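Dear colleague,

I am handing over the structure that follows, and below it I have written out what was found. Please read the text with the structure open beside it.

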Amino acid sequence: MDKLVIEGGKRLTGTIKISGSKNGALAIIPAMILAPGIYHLSNTPNLRDIWTMSQLMNSLGAFCELNENELFVDTRSINNYEAPYELVKKMRASFYVLGPLLARFGEAKVSLPGGCAWGPRPVDLHLKAMERLGADIQIEHGFVFAKADKLKGTKFNFDISSVGATGNMLMAAVLAKGNTLLTNASIEPEITALARFLVKMGAKIDGIGTTVLEVEGVDSLTPVDETSVPDRIEAGTFLIAAAMTKGEIEILDVNPYHLSSVLTKLEESGCEIDVTGNKIWLKMDDDPKPVDYITGVYPALPTDLQAQWVAYMLAAKGTSKITDLIYPDRFKHIPELQRLGADIQLIDNSAVVQGGKKLTGASLMSSDLRGSAALVLAGLISEGKTDVLRIYHLDRGYEQIENKFSCLGASIKRIKTELV
Ligand code: EPZ
């Protein structure tokens, strides 16, 4: 297992290009099941999660090939409708194949994802949505067995705004007989991008970008090429890293609109920010001001930057409160940050940070993707050496993270280790 070794105290300066969106690609690739053919997804991030999704698609009988950031997928020979436990457990987004398999083949056997490092990750909304479309859903031996002769349009309200359940429902409804009305649908940019991809394929969806989606089922769809939207979470991670180190960076190939709430918060904490087209420039001269952070569904502050914001507030002299309303247990990074000398108190679903304390490097254990990003960020401002172990978590969602940080002047290197 690899580790990252970071020497703290370096200011981040320079320019980097942001990769395509992991969560955008993970939603679009399963949609390619809906129409047999050959697809080309440009700006695909070359990440562990994309390799896992490709492995899953290949296990269904598709053919996936990723050349740098160009993904080619052939879905003409899909002949297996099972998403196995070992893949779904490794990556929850594997559950996205349920809707498209049901829509195209009328059956699917998908392992329940179980929990993740920070707690339960239910899929009840996905299953209720499929049942509302007329699917028969049985759960046995940890698997969802779904069958439907022909999905029928329906009305469905998402009691909780869910990215994945909205994606699965959209991919099933586009080939259902009749119309489907979705309310309280997710408007995360990655779901809006999925809806636009489906429309390019010939689907009929009104209300894209709003929480009310109207789908008119069609008989068939056509394969099309697409370009993945930029990864707003990677972008936010690097902006926060630059702010923590009193740096000055420019990030390219981003969609600033997708980061509006985060940019506002960064300015509130004292950053200078300039947005020009698909570039964001950030400069920070002083310690950040302590600023609270409360997660919510888009366009509110993303839960996927919650851990990174906790790390950021370690540099702010004063008290800040970071609350996660999406995942109340998503705080595995706190005990590891405390090993650096961070003064953080966990109260229910909030981390109360007393920032400005001296941080000294230590060995830290990653447990999830965004939590491990927070450990790297904290290492950038800790005195001496910080080892971040088990960085396969990081490799799931950040493309060449050590190279990008090195380009910005960080002292960081990847070490292969036989240890934990
Ligand atoms: C997506 O996960 C993202 N993953 C997550 O990013 C992100 O944290 C999350 O959305 C929230 O923004 C991908 O896009 C692959 P949800 P998803 O369904 O779809 C509850 C990362 O770091 N819920 O929107 O699984 C759920 O427990 C990853 O890139 C139900 O109760 O999230 C949560 O509290 C981590 N029942 C809330 O809804 C359901 O059936 C939002 O979850 C489904 C969800």
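Asparagine 184 sits in the loop between strand E11 (179–183) and helix H7 (189–200), where helices (H or I, at least four residues) and strands (E, at least two) are DSSP runs numbered from the N terminus. Its phi is near 60°, a positive value in a residue other than glycine. At 29% relative accessibility, asparagine 184 counts as partly exposed; buried means under 20% relative accessible area, exposed means over 50%, and partly exposed is in between, computed with a 1.4 Å probe and with protein chains only.

Before going further, please keep in mind that this is a predicted model, in which local features need pLDDT of at least 70 and side-chain atom pairs count only at pLDDT 80 or more, while totals for chains, interfaces and linings use all residues. Residues are numbered from 1 along each chain as its sequence is written, and side-chain values use heavy atoms, with hydrogens and water left out.

Lysine 246 also has a positive phi, of about 55°, although it is not a glycine. This lysine 246 lies in the loop between helix H8 (232–244) and strand E15 (248–252), and with a relative accessible area of 31% it is partly exposed.

Another backbone feature is the peptide bond from tyrosine 298 to proline 299, which is cis, with omega near 5°. Proline 299 belongs to the loop between strand E18 (293–294) and helix H10 (306–313). Serine 261, which is in helix H9 (residues 260–268), touches Pro299, Ala300, Leu301 and Pro302, not counting residues up to four places away in sequence; contact here means heavy atoms within 4.5 Å.

Alanine 93 is in the loop between helix H3 (85–90) and helix H4 (98–105), and it counts as buried at 18% relative accessibility. Leaving aside neighbours within four places in sequence, alanine 93 is in contact with Leu26 and Met53; leucine 26 is 67 residues from alanine 93 in sequence, yet their C-alpha atoms are 6.6 Å apart in space. Aspartate 274, in strand E16 (residues 272–276), is partly exposed with a relative accessible area of 40%, and, with its neighbours within four places in sequence left aside, it is in contact with Lys279, Ile280 and Trp281.

As for the whole protein, it has 14 helices and 24 strands. Its radius of gyration is 21 Å, close to the 22 Å that the globule rule gives for 420 residues, so it is as compact as a globular protein of that length; the radius is taken over C-alpha atoms, and the rule is 2.2 Å times the number of residues to the power 0.38. Buried residues make up 57% of the 420 residues. Among contacts between residues at least 6 apart in sequence, 73% join residues at least 24 apart.
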